[in-house]
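User: I'd like to learn how to read features off a model. Can you walk me through one?

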Amino acid sequence: EMCIRDSTIQDNKNNEIFKMRIYELPVKKQRFRWTGFTKYGEKAPSGVYSASIVQGKKSVTRKFKLIN
């Protein structure tokens, strides 16, 4: 059974900027790259964002800076 993870990018006001579903691969580490575009196809402004990956009851969140 394939496991699905939801990946979300939020701005510093907790607005959802981007969301993507990630399907599990048979490797220990997986990476995903956000291109800096919003879910509406617009370039996101420079600022502090957080990336979250959620799988079932587990989640991991990291903050980062986007500089355009």
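Analyst: Ser7 touches Phe18, Lys19, Met20, Ile22, Phe32, Ser52 and Ile53, leaving aside residues up to four places away in sequence; contact means heavy atoms within 4.5 Å. Some ground rules: this is a predicted model, where local features need pLDDT of at least 70 and side-chain atom pairs count only at pLDDT 80 or more, while totals for chains, interfaces and linings use all residues. Residues are numbered from 1 along each chain as its sequence is written, and side-chain values use heavy atoms, with hydrogens and water left out.

User: Is Ser7 buried or exposed?

Analyst: First the idea: buried means under 20% relative accessible area, exposed over 50%, and partly exposed in between, with a 1.4 Å probe and protein chains only. Ser7 counts as buried because its relative accessibility is 1%. Its place is in strand β1, residues 4-11.

User: What counts as a strand, and how many strands does the chain have?

Analyst: Helices (H or I, at least four residues) and strands (E, at least two) are DSSP runs, numbered from the N terminus. Here you get zero helices and four strands, so to speak plainly, the pattern along the sequence is β-β-β-β.

User: Which strands pair over nine bridges?

Analyst: Two strands pair if DSSP finds at least two bridges between them. Strand β3 (residues 47-55) and strand β4 (residues 58-66) do this in the antiparallel sense, over nine bridges. Gly47 stands opposite Leu66 in β4. Their hairpin has two residues between the strands, and Gly56 takes a positive phi near 60° there.

User: Which residue has a positive phi although it is not a glycine?

Analyst: That's Asn14, at about 65°. Asn14 is in the loop between β1 and β2 (16-23), and it counts as exposed because its relative accessibility is 55%.

User: What about charges: which side chain of opposite charge is nearest to Asp11?

Analyst: Lys and Arg count as positive and Asp and Glu as negative; His and the chain ends are not counted. A salt bridge is a side-chain nitrogen of Lys or Arg within 4 Å of a carboxyl oxygen of Asp or Glu. Asp11 is buried but has no salt bridge, and the nearest side chain of opposite charge, Lys13, is 6.5 Å away. Still, a polar atom of the Asp11 side chain lies 2.9 Å from the backbone nitrogen of Lys13. Asp11 also touches Ile17, Val48 and Tyr49, not counting residues up to four places away in sequence.

Note on methods: Polar contact = N/O pair within 3.5 Å; in protein donor to acceptor, adjacent residues only side chain to side chain.
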